[in-house]
Amino acid sequence: MIAHIRPAQLAEWIAAAPEGARPLVLDVREAWELQTASVAPADFELVTIPMGEIPARIAELDPTRPMACLCHHGMRSLRVADFLERQGFEHVANITGGIDAWSQEVAPSVPRY
């Protein structure tokens with residue numbers, strides 16, 4: 001089952017990861033969106049793969065790592081999280097509200113678009 005977390009809950013989600021796990025935020029937005037607004041990795045690794053490239057690049061992702069998917073508002077990331085879960089990824093979450101909510105809840109310096 002896909003967990004739904006708000007950006008403000010990400011630190012708590014990371015802290016709850018199994019010991020030794022390295023949480024990952026998978027940003028599935030397009031390159032132009034990343035140039036417009038991006039998150040700064042804190043206690044997680046940030047990987048950017050546009051949604052349309054996920055099937056071809058799935059081998060770049062470790063299915064055992066905790067992974068939270070991020071997009072603009074949370075719809076593309078939910079689709080990616082669902083896809084990953086169906087491919088056997090064990091610990092997948094969707095960052096509900098996306099980078100737009102990230103700007104409002106975590107880092108107001110991140111531009112909204």
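Predicted model: local features only at pLDDT ≥ 70, side-chain atom pairs only at ≥ 80, totals over all residues.
I started with Asp-27 and found it in strand E2, which spans residues 24–27.

Next I asked: is Asp-27 buried or exposed? Its relative accessible area is 1%. Buried means under 20%, so Asp-27 counts as buried.

Then I looked up what Asp-27 touches, skipping its neighbours within four places in sequence. The contacts are Leu-34, Leu-46, Val-47, Thr-48, Ile-49 and Leu-70.

On to strand E5, residues 92–95. Which residues sit on each of its faces? I found Val-92 and Asn-94 on one side, with Ala-93 and Ile-95 on the other. All of them are buried, so both faces of the strand are covered.

I checked which strands pair with E5. Strand E1 (residues 3–5) runs parallel to E5, and 3 bridges join them.

What do E4, helix H4 and E5 make together? I got a right-handed β-α-β unit, with H4 covering residues 75–86.

Last, I turned to the record. An unreviewed UniProt entry carries the annotation "domain: Rhodanese" for residues 19–111. In the model, that span is 32% helix and 17% strand. Its end C-alpha atoms lie 34 Å apart.

Definitions and conventions
Residues numbered from 1 in each chain as written. Heavy atoms only, no water. Helix = DSSP H or I, 4+ residues; strand = E, 2+ residues; numbered from the N terminus. Buried < 20%, exposed > 50% of the residue type's maximum accessible area, 1.4 Å probe, protein only. Contact = heavy atoms within 4.5 Å. Pairing = 2+ DSSP bridges. Right-handed = clockwise from strand over helix to strand, strands pointing away. UniProt positions renumbered as here; feature names shortened; annotations may be inferred.
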